[in-house]
Amino acid sequence: MSMDGCIFCRIVQGDVPAREVFRDDTAVAFLDLSPKSPGHTLVVPTTHTENLTSEPAGLALMADAVTTVARTITDRLGASGVTAQINSGAAAGQEVFHLHVHLIPRYQPGQSPRGGPDEVLTQLLGS
Ligand code: AMP
Ligand code: ZN
């Protein structure tokens, strides 16, 4: 189910462009517009749910996608590690109220991929 006016629902539906990294029936992953590091990716359930405590529960819907994308980030971008973060609720810093997991690549000094988001996306897609 989607919710009118929700930017991430619109990305899921393909109505708003995003640099898509992964998609299956239950989750979509795309590059964050304001990356904390190159390759910073958001994973969202295709079903609209606000946060960790809301109904329907969304965390399990994203689990496989989080694993797949975290592996892709380490394999294809050369990240040494990945920080996975969920801000659930305004008090936790949530700004977009469609549940999402931040996957923030962590690099050794000098190991960040070069180029802008389009080059990073190309590298992530392996094309
Ligand atoms: P949060 O504070 O956890 O709700 O984070 C929301 C994140 O969504 C921020 O890191 C934003 O940069 C990111 N964001 C907002 N709108 C878009 C968009 N249209 N495409 C990609 N990332 C977005
Ligand atoms: Zn939504």
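**View 1. The loop that holds Pro56.** Pro56 lies in the loop between strand E3 (41-45) and helix H2 (59-77). Helices (H or I, at least four residues) and strands (E, at least two) are DSSP runs, numbered from the N terminus. The peptide bond from Glu55 to Pro56 is cis, with omega near -5°. Most peptide bonds are trans. This is a predicted model: local features need pLDDT of at least 70, side-chain atom pairs count only at pLDDT 80 or more, and totals for chains, interfaces and linings use all residues. Residues are numbered from 1 along each chain as its sequence is written, chains are lettered from A and ligands numbered from 1 in the order in which they are written, and side-chain values use heavy atoms, with hydrogens and water left out.

**View 2. The shell around ligand 1.** Ligand 1 is surrounded by 16 residues. A residue counts as near a molecule if one of its heavy atoms lies within 4 Å of it. The closest are Asp32, Gly93, Glu95, His100 and His102. Helix H1 (7-13) and strand E2 (27-31) each supply at least two residues of this shell. H1 gives the largest share, 3 residues. By class, the shell has 8 nonpolar, 6 polar and 2 charged residues. Here Ala, Val, Leu, Ile, Met, Phe, Trp, Tyr, Cys and Pro count as nonpolar, Asp, Glu, Lys and Arg as charged, and the others, Gly among them, as polar.

**View 3. Polar contacts of ligand 1.** A polar contact with the ligand is a pair of N or O atoms within 3.5 Å. A polar side-chain atom of Asp32 lies 2.5 Å from an oxygen atom of ligand 1. For His102, a polar side-chain atom lies 2.8 Å from an oxygen atom of ligand 1. Glu95 uses its backbone: an N or O atom there lies 2.7 Å from an oxygen atom of ligand 1. The protein covers 83% of the 500 Å² of accessible area (Shrake-Rupley method, 1.4 Å probe) that ligand 1 has on its own.

**View 4. The largest pocket.** Ligand 1 sits in the largest pocket, meaning that more than half of its atoms lie within 2 Å of the pocket's grid points. A pocket is an open set of points on a 1 Å grid over the protein atoms alone, where a 1.4 Å probe fits, with protein on both sides within 12 Å along at least five of seven lines; lining residues have an atom within 4 Å of a point. About 380 Å³ of space lies in the largest pocket. Of its 23 lining residues, the closest to the centre are Arg19, Leu31, Asp32, Leu33 and Ser34. The lining has 15 nonpolar, 6 polar and 2 charged residues.

Terms used
A polar contact is a pair of N or O atoms within 3.5 Å; within protein, one must be able to donate a hydrogen and the other to accept it, and residues adjacent in sequence count only if both atoms are side-chain atoms. Grid points are joined across faces, edges and corners, and a volume is the space filled by probe spheres set on the points.
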